[in-house]
There are 4 protein chains.
Amino acid sequence: MTSISEPAQPTGDPAQPTPPTSDPAQPTADDPISPATGRPLTKRGLATRRRLLEAAEDVFAELGYHEASIVKVTEHAGVALGTFYLYFDSKQSIFEALVIDLNDRVRQSMSEAMAGATNRIEAERGGFEGFFRFTAKHPALYRVVREAEFVSPETMRLHYERIVEGYTAGLQAAQSAGDIDTTLDPEVAAWALMGLGELIGMRYILWERDASGTAPDRIAPHVLDAMMQFIGGALGGPHTRKGAE
Amino acid sequence: MTSISEPAQPTGDPAQPTPPTSDPAQPTADDPISPATGRPLTKRGLATRRRLLEAAEDVFAELGYHEASIVKVTEHAGVALGTFYLYFDSKQSIFEALVIDLNDRVRQSMSEAMAGATNRIEAERGGFEGFFRFTAKHPALYRVVREAEFVSPETMRLHYERIVEGYTAGLQAAQSAGDIDTTLDPEVAAWALMGLGELIGMRYILWERDASGTAPDRIAPHVLDAMMQFIGGALGGPHTRKGAE
Amino acid sequence: MTSISEPAQPTGDPAQPTPPTSDPAQPTADDPISPATGRPLTKRGLATRRRLLEAAEDVFAELGYHEASIVKVTEHAGVALGTFYLYFDSKQSIFEALVIDLNDRVRQSMSEAMAGATNRIEAERGGFEGFFRFTAKHPALYRVVREAEFVSPETMRLHYERIVEGYTAGLQAAQSAGDIDTTLDPEVAAWALMGLGELIGMRYILWERDASGTAPDRIAPHVLDAMMQFIGGALGGPHTRKGAE
Amino acid sequence: MTSISEPAQPTGDPAQPTPPTSDPAQPTADDPISPATGRPLTKRGLATRRRLLEAAEDVFAELGYHEASIVKVTEHAGVALGTFYLYFDSKQSIFEALVIDLNDRVRQSMSEAMAGATNRIEAERGGFEGFFRFTAKHPALYRVVREAEFVSPETMRLHYERIVEGYTAGLQAAQSAGDIDTTLDPEVAAWALMGLGELIGMRYILWERDASGTAPDRIAPHVLDAMMQFIGGALGGPHTRKGAE
DNA sequence: AATGAATGAGAATTCATTCAT
DNA sequence: GATGAATGAATTCTCATTCAT
């Protein structure tokens, strides 16, 4: 007789200081499966799932992970509470899906904005513009990721690492091309760029938005210029501080 | 965008029937008063308050703000649950006191480590060393501050602004001294440095610690070198890229 | 740094087909400890705990384990919902405590009623009278124990085994005294007596009560007589079927 | 005693807005009708119904009534969730059908095993063998019936009464034949036998199975012997305690 | 006949805060 | 000053049942 009960109940556990590592069979953004049936979603299911993710983005961005509740998400999405659990295992699980989703999209936004650059500095400027534009439109990215440390550390790391990976590859290519200082450690530089962009975005987009009430859809040009001057110096190479040479 | 949250209800204050939220003479780190009596604390009281703050640092650092509970803090501090409310108004209030306290101490640690520097780059290196040393010893700084956004946004801003203020002043002085690129916007540069230091510290101290299980008490020298090379280039001035001159 | 979070969270797990084995350090009826603080209860605490147990007996007896809810128990006990968790870990845990408690008391009631018997048959009659009287007063015993199989199998077994243990010892003593058939297997006989008493009690006390609406406080004499005739024959020995010899 | 439960709400029927609880021509085991169409089932429908009942037996036996869910039953049966409601009104209704079904089959198993007995004691031994063999193969019988008290009390009573009826008739016949003690109350004796068999089966088949992991397909002979010795004495008559004659 | 997405009432449990001792 | 029992609002998650396809 095979056991009827599930092998090792993966269901949520109320009082769990450190959240469990995300299931490796976790639905990805591209090929989500129903946690209820374990089967791929129908078209109708995919639409409902997307509405939930969008609602989660709004609600998490406004209230943060902890103040947000599943009821609020489902109300915002216009579905019943129970419907949530047809698409996500738990509050944490939609959180993780959301971070992955935002990460996919911000990287998309960045690479689109970098296309056509003829040197690394132009590429950087484009990348940051893409990043900031996305930030302006999707404040959830910041707010949610910065909370992620205690909600799902692996997901937070994944988010940063994916972006840094792209940066590192770009910097290495630029070094090979002699486009930037070849003695720079590309990985450390990538983390530096990531952090620098994060705080500049926070300070000059999110806080600006909160202060004025109106949402700037991009960063103030003089800030971007100053920032690029900083980065240009940091990366070195032929484009640097031309006037000073 | 319509507000998702109900009426006003600023942050995490579940059921607060009678007393208004006014902060009666906001206790500072230096001159704390009892929220119960409204009078300055006795010497014994000060000691209990400090034990609670230290316990909060440990507990918040390990569990995060939300997973932490007042009971855990008081148990860790070795006092009774009710005692907590003789010293702090609420969970949020000890959180804010803790952030302020950590902020005071990290800036102290930074300025001590900068003393004696003969130029801006040396000063920066010292400052970051102080910052990273503090980070290694007090991981709560990161974990708590990054959660602060939804717990007490003003406190989070205060934390960053205080540090950036110091940076900005230092950079302006260095510009006056001709020590660094005088065309750089000192405020934007200060935010860049802050962000850069934050992510490098997170990546190369906290994550390293988590991965190895053992806590490095400082950042790996080659990372600091690489980072300083990046910063040196960014700030420009006589010390930069000597070979290029 | 010692870990702040508990070693292995013993807290309830929603979807758990087979309940976990009861904690060996489980509070006993005599020396209960608070699951919240882990310390022995104060006098006030003991009183509250007893009120909860009594309420649980009433509510479980009327509604059964599953239909009963903790809110109903606490309402019946006149305490707030949260108070429950100062005394019991979970619904299952008060259930187990209740079964143990009822078991202690039914055995007490049985041995009191057996005292003074001069032979085994008299002792059996007394024991069953005690058992049925307790049953009439505490219908929870039946209803709850029969449900226990899926709630806490160990507790159900413990209940039966404790009673059977007493029976077995009594039968063995009676065999040594030549009071009953010495070739009888005392353990099998003990289980037989247990089962026989259970169904007779169910049929002639509980169902009678339900049918008439009024609660008989004891079993009908002719049923007890018939039952004792059956048992007398089963146990054999000098008292058996005297007229037939 | 005041009622704890709200108004009427007989048993486990959570939210039932419109349709009255009347059972439209209570489907029997032999002549089931569709609760959807109200018409007798086709051959295909009968097969699906049987698969659902078999699945219910497995699932209820392993998890118990409350822990079991309709989804699990339908998954086990290999049909879609909605299909369930084409054959049964509710969870309670398949439960009742299952108990009736098991009752039919266990009585069948008992009377087959009694056929050919030449006296009452032989008949009893046969009957119990049939009962225990069925128990070993269909543990659901015990587990489900013992839970039935709070799910469907009438069904539980029906189950016991049907078996006891058979016993009573058999005992009366044996008394007329002078085969057993004629002064015994046959109904009380029948309930005694029923209870005795129930607990012996539970202890020596079900618990043995749980302890060893392997399922004994019958009761240990020495236990059956001891039990029959007990019963033989109880029923009295010519076959009893030969040595004493 | 069969399907399975959607529903929403209900349950257990947590924890910041109060207040009588 | 200190204590810790009591409170109850709020949260996450489950699952029997419905109904459009």
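Student: By class, what does the surface near DNA strand E have?
Tutor: That surface has 18 nonpolar, 15 polar and six charged residues. A residue is near a strand if one of its heavy atoms lies within 4 Å of it. Ala, Val, Leu, Ile, Met, Phe, Trp, Tyr, Cys and Pro count as nonpolar, Asp, Glu, Lys and Arg as charged, and the others, Gly among them, as polar. This is a predicted model, in which local features need pLDDT of at least 70, side-chain atom pairs count only at pLDDT 80 or more, and totals for chains, interfaces and linings use all residues. Residues are numbered from 1 along each chain as its sequence is written, chains are lettered from A and ligands numbered from 1 in the order in which they are written, and side-chain values use heavy atoms, with hydrogens and water left out.

Student: Where does D:Gly82 come in?
Tutor: A backbone N or O atom of D:Gly82 lies 3.0 Å from a base nitrogen of DNA strand E.

Student: What share of the atoms of DNA strand F within 4 Å of the protein belongs to sugar or phosphate?
Tutor: The share is 68%, and the rest belong to bases.

Student: Changing topic: how many aromatic pairs are there over all chains?
Tutor: The count is 42, where rings of Phe, Tyr and Trp (its six-membered ring) pair if their centres lie within 6.5 Å; planes under 30 degrees apart count as stacked, over 60 as edge-to-face and the rest as tilted. B:Phe60 and B:Phe95 form a tilted pair because their planes are at 55°, with centres 6.1 Å apart.

Student: Is B:Phe95 buried or exposed?
Tutor: B:Phe95 counts as buried, at 0% relative accessibility; buried means under 20% relative accessible area, exposed over 50%, and partly exposed in between (1.4 Å probe, protein chains only). B:Phe60 is buried too, at 2%.

How values were computed. Polar contact = N/O pair within 3.5 Å; in protein donor to acceptor, adjacent residues only side chain to side chain.
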